[in-house]
Amino acid sequence: MTSTLKGIAASDGIAIAKAYMLVDPDLSFDKKTITDVDAESARLEKALDASKAELKLIKEKAAENLGDEEAEVFEAHLTILSDPELIGNIEDKIKNDKVNAEQATKEVTDNFITMFESMTDNAYMQERAADIRDVTKRVMSHLLGVDLPNPALIDSEVVIVAHDLTPSDTAQLDRRYVKGFITDIGGRTSHSAIMSRTLEIPAIVGSEKATSSAKAGDMLIIDGLEGDAIIDPSDDQVKEYQQKAADFKAQKAEWDKLKDEKTVSKDGVHFDLAANIGTPDDLQGVIDNGGEAVGLFRSEFLYMNASELPTEDEQFEAYKKAVEGMNGKQVVVRTMDIGGDKELPYLPLPEEMNPFLGYRAIRISLDRTDLFRTQLRALLRASAFGKLAIMFPMIATVAEFKKARAIYDDERQKMVDAGEKVGDIQVGMMMEIPAAAIIADKLAKYVDFFSIGTNDLIQYSFAADRGNEKVSYLYQPYNPSLLRLIKRTIDASHAEGKWTGMCGEMAGDQTAVPILMGLGLDEFSMSATSILKTRSLMKKLDTNDMKKLAERAVTDAETNDDVIKMVNEAVGK
Ligand code: PEP
Ligand code: MG
């Protein structure tokens, strides 16, 4: 029966395909005493063999579709399944304790996991614990006869339905088959949503009920423009959305014509339209969408996509590839922004009550200066190959910026003294903490530029978790309080002859763009897929009108809705 779901529109486009449930199945079981040890051992044997066969297939597919590195994790899982100590212990438990294979497997693997996890200073062992947990799930699924989702094995068009998607889940999705996705949780600026825009996959997040409403194989329509999903649609609805998809395609073709044009307003003022990337692999999207620079390279993805800390050389290669790929256009690399919802399995961080307010980003870099210096050296080396800029994430105080900058200056000096070639690098900071925005006039003396990270600046200003759909009504980009912080930042930078960009998702938000033009924002950095529609919008707007609009929004408006109304009137919506 047809039913509808409403969520947050996360990535433009329409998808119509069968649902693929990326949901952990129920693996609960009862402990049983057994009498026939041989039969129980044979059940275990069968489940192990089936798990191995499945993993071999997944490994092959992953190597084929995603590359050898992504496939390696499955090799590690196969090794665990052949570990004589682990498997021997499970077999012994069945024999000696006369328990069912499920119970024996759980008890033994739990012991190994606890042992490895207790080695908190050994990242390798911590990772093995995670691997054993994954492998145990697979064996259990075979013992219990339930299906485990295997996204790497998807070989027909689907819409993924999940509670949430981690950045690594998203990275494993094969674009040829994954036509869209819908999640229960998350907001427009959660990382799953940002990734969906980078990958150009229509997506809805924060629907609350997707996993409890859809079943595997249900036909699903995802409208990533409006945030609407339809489960089991009627023929008429399918037709309606096929038309909508065709209209969207035609609109995109119109925007595509602006690919090689500069971004200028109706009255001839130029703005830089840049793109945000996670890895150098995203560069093609930037070029295809006519990006004039990279305004944010989220370097932490280099760390998150690896199984151990990337070396200086590995990082150097990635940064070099990015600046060379942009062919003289600027690439702003943000130093590692780990913490919050971005974890590294091999760099265990302390459990925290409020990870978004805790040990993260520049706070880690200033504490673990060994990691920070390695990254800075890689960046300095890459600067010889193109136009590179560096910015620090989550700066809250002048002292933090000065400390980070001093470490950078020290590494730079060492390289210059050693006769190594380094380029001219601008060093700036992300403006994403209200305390920093308020003191922007002081910070402006030390930075070369600001880049406003509205994804975090909004969550910290309104004390509303950016990934929590329950408080998403407080995620108010147009609220005059936020606009005042933005204006303060831009004005402070201009007073010192510096520039301000914005790399939060707001930079590509079609309601925010007119105001930001009026506030004098210099650079707009967004998901590459938003660039052309923003260029198209900017061409129609006059900066003098937008200045008046911005002035009214900052001084006269009381609420987010007041500002939306003002913008709609000004741009003639
Ligand atoms: C931001 O906070 O706006 C930002 C661009 O960084 P991230 O989304 O990676 O936190
Ligand atoms: Mg941020």
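1. Contact here means heavy atoms within 4.5 Å. This is a predicted model: local features need pLDDT of at least 70, side-chain atom pairs count only at pLDDT 80 or more, and totals for chains, interfaces and linings use all residues. Residues are numbered from 1 along each chain as its sequence is written, and side-chain values use heavy atoms, with hydrogens and water left out.

2. Start with the whole chain. The chain holds 23 helices and 16 strands (DSSP runs numbered from the N terminus: helices are H or I with at least four residues, strands are E with at least two). Its radius of gyration is 26 Å, close to the 25 Å of the globule rule for 573 residues, so the chain is as compact as a globular protein of that length. The radius is taken over C-alpha atoms, and the rule is 2.2 Å times the number of residues to the power 0.38.

3. Of the 573 residues, 53% count as buried (under 20% relative accessible area, 1.4 Å probe, protein chains only). Among contacts between residues at least 6 apart in sequence, 68% join residues at least 24 apart.

4. Now helix 12, residues 312-325. Its 14 residues should span 20 Å at 1.5 Å a residue, and the end C-alpha atoms are 20 Å apart, which agrees. The expected span is 1.5 Å times one less than the number of residues.

5. Buried in helix 12 are Gln-315, Phe-316, Ala-318, Tyr-319, Lys-320, Ala-322 and Val-323. The buried residues of helix 12 pack against several elements, including helix 10 (283-288), helix 14 (369-382) and strand 12 (388-392).

6. After helix 12 comes Asn-327, with a positive phi near 50 degrees.

Note on methods
Chains are lettered from A and ligands numbered from 1 in the order in which they are written. Buried means under 20% relative accessible area, exposed over 50%, partly exposed in between (1.4 Å probe, protein chains only).
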